[in-house]
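My notes follow in the order in which I looked things up.

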Amino acid sequence: MSPAGFYGKKDKKDPQQDLKTLNQLIKDGNYRPVHLLCGEEDYLRLQFRDKLCSAMGGVQGSLAFDRFIGSSASPERIIDLAETLPFMAERRVILVEDTDWFKSGCPAMEEYISQGVCESTTIVFCEKDTDKRTRLYKAVAEHGLVSEFPVQDADTLASWISGRLREAGTPISGADAAYMVSVVGTDMLTLAAETDKLSSYCMDRQRASRGDIDAICTRRLEDRVFDMCEAVALNDKKRALTLYYDLMALRESPIKILVLVTRQFDTLIRIKDLEFRKYGDDAIAKKIGRPAWTVAKYRKQTGRYSMSALKSIVNECADTDMAIKTGMMEDKIALETLMVRLTDSSPAGN
């Protein structure tokens with residue numbers, strides 16, 4: 001499915017505007033002397049990198065295409081090539097990736113772009129992290145085009161998944177597509193791979209369901225931690241420790257798991273407080289930044305704890321974090337000790 005197929009307004013600012021503008025520019029062939037493709041969404045950034053370069057004739061093997069990767073790239077060499085007329089092509093395309101220049105600066109490139117890139121050349125920068133305050137970023141914004149690719153919202157991703165699966169011949173409901181986003185996460189590279197895997201799995205039935213997602217898709221770490229905390233809340237010590245040891249077998253960072261466990265119980269505190277103040281599910285979901293349908297899952301946990309018990313657990317997590325950071329305990333031992341304590345203690349009722 002073309003990226004244009006899932007553009008839609010998220011809010012008044014319309015975070016998809018840069019993508020729409022770049023799509024139209026490629027369609028019209030109205031290329032700028034310098035482009036910057038940036039943002040956290042790798043899938044879109046890399047897809048448009050290839051699409052833009054290819055549209056201008058910048059393909060592997062072309063004598064008018066050059067590529068530089070990493071902070072060791074020479075700005076002087078890039079400038080020399082930019083001033084060289086293209087051979088057997090209308091335009092010279094120079095792709096420059098992951099240099100970190102849009103954070104650390106590059107005076108030579110800043111000056112060259114400000115003075116004007118050769119008319120027969122286009123320089124394409126592809127950077128995940130940028131600082132809009134740098135002179136290089138401002139030079140590109142003034143003399144070329146900056147296109148930002150932010151992480152997409154859950155509704156947009158659900159629509160995109162539905163479109164991909166429909167084109168593959170294995171349609172899915174909107175609710176199940178949203179569920180898939182909650183299970184897999186918002187990284188589009190991962191979602192694309194999991195969508196292809198799901199489509200292949202469901203090909204015989206020509207339909208994908210929530211059960212298929214549970215059967216075949218790899219759950220994100222946050223969901224695994226959620227399930228582990230749910231087992232703790234339900235006094236299912238065996239399942240909780242099994243899930244914990246599964247995470248350890250996957251070589252997940254103990255610190256990262258601890259952060260997510262702490263965040264999970266902190267979220268339960270927030271939900272319990274909102275419940276006490278008579279907020280509905282939709283309002284709670286908005287406050288905690290989760291889909292409305294997940295609130296019922298959280299309620300299964302909040303109903304098992306008093307507010308004081310939840311605060312006590314968060315304090316225990318903080319103590320564990322301090323013990324690790326001060327060197328009092330090794331991270332794996334500290335986290336395992338915490339999990340055993342949590343599973344040995346029964347949650348207090350309301």
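I began at the end of helix 8, where the next residue, Gly 185, has a positive phi near 110°; helices here are DSSP runs of H or I with at least four residues, strands are runs of E with at least two, and both are numbered from the N terminus. The model is a predicted one, in which local features need pLDDT of at least 70 and side-chain atom pairs count only at pLDDT 80 or more, while totals for chains, interfaces and linings use all residues. Residues are numbered from 1 along each chain as its sequence is written, and side-chain values use heavy atoms, with hydrogens and water left out.

I then asked why helix 8 (residues 174-184) can be called largely enclosed by the rest of the structure. I found that 8 of its 11 residues are buried, where buried means under 20% relative accessible area, exposed over 50%, and partly exposed in between, with a 1.4 Å probe and protein chains only. The buried residues of helix 8 are Asp 176, Ala 177, Tyr 179, Met 180, Val 181, Ser 182, Val 183 and Val 184. I traced their packing to helix 7, helix 9, helix 10 and helix 11 (221-233).

From the side of helix 7 I looked up Ser 162, which is found in that helix and counts as buried at 12% relative accessibility. Not counting residues up to four places away in sequence, Ser 162 touches Ile 172, Ser 173, Gly 174 and Ala 177, contact meaning heavy atoms within 4.5 Å.

**Two helix pairs**

For helix 7 (residues 154-167) and helix 9 (residues 188-201) I noted a packing angle of about 35° and axes 10 Å apart; axes are lines fitted to C-alpha atoms, for helices over the stretch in contact, and angles run from 0 to 180 degrees between N-to-C directions. Leu 157, Trp 160, Ile 161, Arg 164 and Leu 165 make the contact from helix 7, and Met 188, Leu 191, Ala 192, Thr 195, Asp 196, Leu 198 and Ser 199 make it from helix 9. By class I recorded 8 nonpolar, 2 polar and 2 charged residues in this contact, with Ala, Val, Leu, Ile, Met, Phe, Trp, Tyr, Cys and Pro counted as nonpolar, Asp, Glu, Lys and Arg as charged, and the others, Gly among them, as polar.

For helix 11 and helix 15 (residues 295-302) I read that the axes come within 8 Å and cross at roughly 35°. Phe 226, Cys 229, Glu 230 and Ala 233 of helix 11 meet Lys 297, Tyr 298, Lys 300 and Gln 301 of helix 15, a contact that has 4 nonpolar, 1 polar and 3 charged residues.

**Loop residues**

Gln 206 lies in the loop between helix 9 and helix 10 (210-216) and counts as exposed at 53% relative accessibility. Its C-alpha is 9.5 Å from that of Ile 172, although the two residues are 34 apart in sequence. Leaving aside neighbours within four places in sequence, I listed Gly 169, Thr 170 and Pro 171 as the contacts of Gln 206.

I also noted Asp 100, not a glycine, with a positive phi of about 70°; Asp 100 sits in the loop between strand 3 (92-97) and helix 4 (101-104) and is partly exposed at 36% relative accessibility. Asn 235, likewise not a glycine, has a positive phi of about 60°, is found in the loop between helix 11 and helix 12 (237-249), and is partly exposed with a relative accessible area of 36%.

**Cysteines**

How many disulfides does the structure hold? I found 0, a disulfide being a pair of cysteine sulfur atoms within 2.5 Å. For Cys 126, the nearest cysteine sulfur is that of Cys 53, 8.4 Å away, and Cys 126 counts as buried at 1% relative accessibility.

**Whole model and confidence**

The average pLDDT, the predictor's confidence in each residue on a scale from 0 to 100, is 89, and 94% of the residues score at least 70. Over residues 1-12 pLDDT stays under 50, although the model has 24 contacts beyond four places in sequence for them. Where pLDDT is low, the predicted coordinates should not be read in detail.
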